[in-house]
Amino acid sequence: MNFLSVEQLTKSFGDRMIFEDLTFGIDQGQKVALVAKNGSGKSTLLNCLMGKEPYDEGRIVFRNEINVGFLEQADDLDKENTIYQEVLNHDLPKLKVFKEYNDAVRANDEEKIAQLFEKVSQLNAWDLDSTIEQILSKLKLNDTEQKISTLSGGQRKRVALAKVLIAEPDFLFLDEPTNHLDLDMIEWLEEYLSTSKATIFMVTHDRYFLEVITDVIYELEDQTLYKYKGNFSYYLEKKAEREEQFATTVGKARSQFKKELQWIRRQPKARGTKQKARIESFHETKKIAKQNLAKEELEIPVKMERLGTKILELHNISKSYDDKLLLESLDYNFKRQERLGIVGPNGAGKSTLLKMIVGEIPPDTGKVVIGETVVFGYYSQKNIEVDEDKKVIDVIREVADIIPLEKGREMTAAQFLEKFLFPRSMHHNYVYKLSGGEKRRLKLMKVLMSNPNFLILDEPTNDLDIFVMSVLEDYLRSFKGCLIVVSHDRYFMDKMVDHIFVFDGGGKISDILGNYTEYRKHQKSLERQEQERKRKQAADNKSISAPKKKEVSEEKKKLTFKEQQEFEALDQEIVELETEKEELTKILSDSEASAEDLNNASKRLSEVVQLIEEKSDRWMYLADFA
């Protein structure tokens with residue numbers, strides 16, 4: 001069943017064409033992602049589809065009577081509402097009645113409660129309470145009486161996400177849904193959407209998100225839309241095939257073009273003496289032959305200052321703000337070419353640690369010792385200012401005109417811009433004309449251009465598209481200095497780091513050997529042990545209290561023989577499913593796995609997550625009578 005049909009959609013800004021003659025459709029139940037370079041028009045396309053922005057030509061048709069939800073990058077929340085009021089602020093009958101009922105309960109209006117009780121039952125809205133509680137809890141919006149006007153930008157984004165999920169739309173549009181979420185929230189949202197029955201169309205740069213959730217990927221490139229029926233690994237495979245075929249076509253066209261050029265130059269000037277069809281063919285061949293094939297990996301062997309034996313030492317450092325302890329007695333010495341990832345919930349102290357390292361803030365106790373040869377390159381959104389009235393090339397030239405490379409070679413500022421996907425046509429654009437992602441990329445380039453030997457990157461991938469992230473990863477792979485990364489991008493962390501500092505809360509930090517996937521494996525193992533302990537404790541408690549229940553209740557008192565067998569089997573089944581879930585996650589993070597294996601693993605992972613939830617609920621029910 002078709003939910004959305006788009007025909008020959010065209011959009012331009014002045015003389016700049018954003019996209020032209022786009023035609024595609026989305027069917028019920030499909031989970032679709034749109035990928036493109038920053039500035040290509042992803043958010044513009046979403047806004048056109050949602051009626052938030054006009055388009056030049058074309059036709060957009062939604063199926064009648066479907067409920068559509070849209071999470072946009074800029075929220076539209078009522079500042080006077082509390083969090084609870086705002087997430088229920090919908091025109092949907094079910095949510096309106098539920099909100100009225102809750103308002104009546106809070107006001108202790110018994111007459112209104114009685115009037116609304118039947119309406120809530122008719123609309124089957126009683127389950128909303130647990131849904132709302134679960135979503136707000138997972139997104140760490142626990143103080144539901146907090147006013148929207150008092151929230152940070154990240155909290156507002158989470159409220160907007162909670163609001164659109166609570167509405168349970170038939171068709172869900174998401175523009176960068178993982179922005180401002182910590183890693184736990186991202187993984188919860190990934191599971192939630194992968195098991196959701198909603199049709200989804202999203203823009204995201206989270207590559208594991210694309211791997212697990214999507215079954216169709218559209219790529220917007222050169223104002224053209226390419227369709228790939230599969231997840232992210234399938235898209236990468238088929239895109240590589242398409243580019244290879246394209247390279248072959250262009251190569252043949254260039255060879256043919258040379259022959260045709262010789263022929264056309266040999267002919268007399270008069271039009272009538274030339275074969276019209278062959279001249280037309282010449283112009284078509286010329287068009288294909290002129291297309292650019294330059295797609296190279298970024299390997300820049302920068303000639304950096306060599307690190308000495310003493311690099312960076314943290315001696316017993318501690319830090320608190322008010323009554324909140326962020327770091328307690330941290331000791332650590334960095335080695336050459338160390339690659340450290342840092343993870344933890346928002347507000348746990350990750351950025352505070354980085355600021356202490358570079359000397360922006362002092363520790364309360366202890367000291368930070370920096371080696372004489374260390375040259376920091378520190379990237380965070382807040383500490384880099386770019387003059388909006390300068391040209392792109394001038395922003396980079398402010399840092400340096402030339403980067404010295406190994407073996408006496410050099411790279412100019414213009415060449416460096418091209419490596420980071422700023423074509424020559426953009427070098428003389430003013431900064432204020434750039435998109436948010438392009439400005440962020442320019443700030444990152446200022447740091448890299450300064451030729452550091454110790455890079456500290458705080459959320460470097462925010463607002464970068466997957467193509468720029470691939471370029472950054474290529475650069476960092478050949479970087480021979482030390483690297484510290486704070487990031488919510490799991491794919492990026494898996495490729496870049498060899499151990500991880502985990503902010504556990506209360507000032508404590510665990511050091512986990514391996515990348516992000518290894519850290520999650522370690523964490524899941526601890527969670528499983530804790531669940532097992534709670535299960536056994538619950539079973540023991542029920543066993544002790546069983547005789548008392550017998551006296552009180554004349555209803556179900558104990559398990560039947562079949563239920564007892566089921567109860568005993570469930571423990572092992574849940575453990576086996578958790579193990580399978582781990583193995584599937586490992587496959588999804590394996591860069592050498594085939595597209596078929598990745599596709600099968602992502603589908604099975606959704607099934608396993610749902611089975612664990614169902615069997616855990618059943619276990620808890622049976623435990624009451626065991």
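A cavity, on a 1 Å grid over the protein atoms alone, is a set of points where a 1.4 Å probe fits but cannot get out. Grid points are joined across faces, edges and corners, and a volume is the space filled by probe spheres set on the points. The model you are looking at is predicted, so local features need pLDDT of at least 70, side-chain atom pairs count only at pLDDT 80 or more, and totals for chains, interfaces and linings use all residues. Residues are numbered from 1 along each chain as its sequence is written, and side-chain values use heavy atoms, with hydrogens and water left out.

Let's start inside. The structure holds 1 cavity of 30 Å³ or more, and the largest cavity has a volume of about 30 Å³. Its lining residues (those with an atom within 4 Å of a point) include Leu34, Lys42, His205 and Asp465. By class, the lining has 5 nonpolar, 2 polar and 2 charged residues; Ala, Val, Leu, Ile, Met, Phe, Trp, Tyr, Cys and Pro count as nonpolar, Asp, Glu, Lys and Arg as charged, and the others, Gly among them, as polar.

Because 5 of its 7 residues are buried, β19 is largely enclosed by the rest of the structure; buried means under 20% relative accessible area with a 1.4 Å probe, protein chains only.

What does β19 pair with? Two strands pair if DSSP finds at least two bridges between them. Strand β12 (residues 339–343) pairs with β19 in the parallel sense over 4 bridges, and Gly341 stands opposite Ile500 in β19. Strand β20 (residues 508–513) runs antiparallel to β19, joined by 6 bridges, with Phe501 opposite Asp511 in β20. In the hairpin of β19 and β20, 2 residues lie between the strands, and Gly506 takes a positive phi near 65°.

Key:
On a 1 Å grid over the protein atoms alone, a cavity is a set of points where a 1.4 Å probe fits but cannot get out, and a pocket is an open set with protein on both sides within 12 Å along at least five of seven lines; lining residues have an atom within 4 Å of a point. Buried means under 20% relative accessible area, exposed over 50%, partly exposed in between (1.4 Å probe, protein chains only).
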